[in-house]
Amino acid sequence: FMPEQEGAVGAGSSSSAVMAVGKKAGDTTIQLPGITRPIFTHSFLGLGMDSALRRAADIVRQAHDERESQQRAAAEASGDAALTAATPVLDPCLPTGYTAGDGRQGSADFAACLAIV
């Protein structure tokens, strides 16, 4: 424990946790050799890294499916069969050149990724 630190945040696979120096009654107390401190802890189930990545992938696939649906409708209305060809699912949160197991292809667009997450 370093006195200048006030807390920590950790992101696991399926949850994130917050731990901070406690300041109110009811906070848990941690005892280490030579130090006793009140601490506040809370876990946010479903907000871990894997959960966030799954949700971002769902958003990318949903947006892609909506675009393809609109393109098919436009192609049918215009009679242009060339517009109905399937396009790859580009994921801005994956590195360029990477293909995920579900077929998403990385486009490495940090700003677009931030807009999703």
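E1 and E2 make a hairpin, with three residues between the two strands. The model is a predicted one. Strand E1 covers residues 7-11 and strand E2 covers residues 15-21. The two run antiparallel and are joined by five bridges.

E2 has another neighbour. Strand E4, residues 35-45, runs antiparallel to E2, and seven bridges join the pair.

Next comes the helix. H1 runs over residues 49-78.

Which residues of H1 are buried? They are Ser51, Ala56, Ala57, Val60, His64, Glu68 and Ala75. The buried residues of H1 pack against E5 and H2. His64 is one to look at in detail. Its relative accessibility is 6%, so His64 counts as buried. Leaving aside residues up to four places away in sequence, His64 touches Thr87, Pro88 and Val89.

Arg61 also belongs to helix H1. Its relative accessible area is 28%, which makes Arg61 partly exposed. With residues up to four places away in sequence set aside, Arg61 touches Val89, Asp102 and Arg104. Val89 is thus a contact of His64 and of Arg61, where contact means heavy atoms within 4.5 Å. For a sense of distance, take Gly48. Arg61 and Gly48 are 13 residues apart in sequence, and their C-alpha atoms are 20 Å apart in space.

Now the charges. How many salt bridges does the model hold? The count comes to five. One of them joins Asp58 to Arg61, with the closest N and O atoms 2.6 Å apart. Both residues lie in helix H1, three residues apart, about one turn of the helix. Asp58 is partly exposed, because its relative accessibility is 37%.

Arg61 has a further partner. Its side chain meets that of Asp102 in a salt bridge, at 2.3 Å from N to O. Asp102 has a relative accessible area of 42%, so it is partly exposed.

Asp102 in turn meets Arg104. Their side chains form a salt bridge of 2.9 Å, N to O. Is Arg104 buried or exposed? Arg104 counts as buried, because its relative accessibility is 12%. Salt bridges that share partners link Asp58, Arg61, Asp91, Asp102 and Arg104 into one network. Within it, Arg61 bonds to Asp58 and to Asp102. Asp102 then carries the chain of partners on to Arg104.

Last, a nonpolar patch on the surface. Which residues form it? Phe110, Leu114 and Val117 do, and together they have about 360 Å² of accessible area. Phe110 lies in helix H2, residues 110-116. Its relative accessible area is 62%, so Phe110 counts as exposed. H2 is also one of the elements that the buried residues of H1 pack against.

Terms used
Residues are numbered from 1 along each chain as its sequence is written. This is a predicted model: local features need pLDDT of at least 70, side-chain atom pairs count only at pLDDT 80 or more; totals for chains, interfaces and linings use all residues. Side-chain values use heavy atoms; hydrogens and water are left out. Two strands pair if DSSP finds at least two bridges between them. Helices (H or I, at least four residues) and strands (E, at least two) are DSSP runs, numbered from the N terminus. Buried means under 20% relative accessible area, exposed over 50%, partly exposed in between (1.4 Å probe, protein chains only). A salt bridge is a side-chain nitrogen of Lys or Arg within 4 Å of a carboxyl oxygen of Asp or Glu. Patches are made of residues with over 30% relative accessible area and no salt bridge: like charges are joined within 9 Å, nonpolar side chains (Val, Leu, Ile, Met, Phe, Trp, Tyr) within 5 Å. Accessible areas come from the Shrake-Rupley method with a 1.4 Å probe; for residues, only the protein chains shown count as cover.
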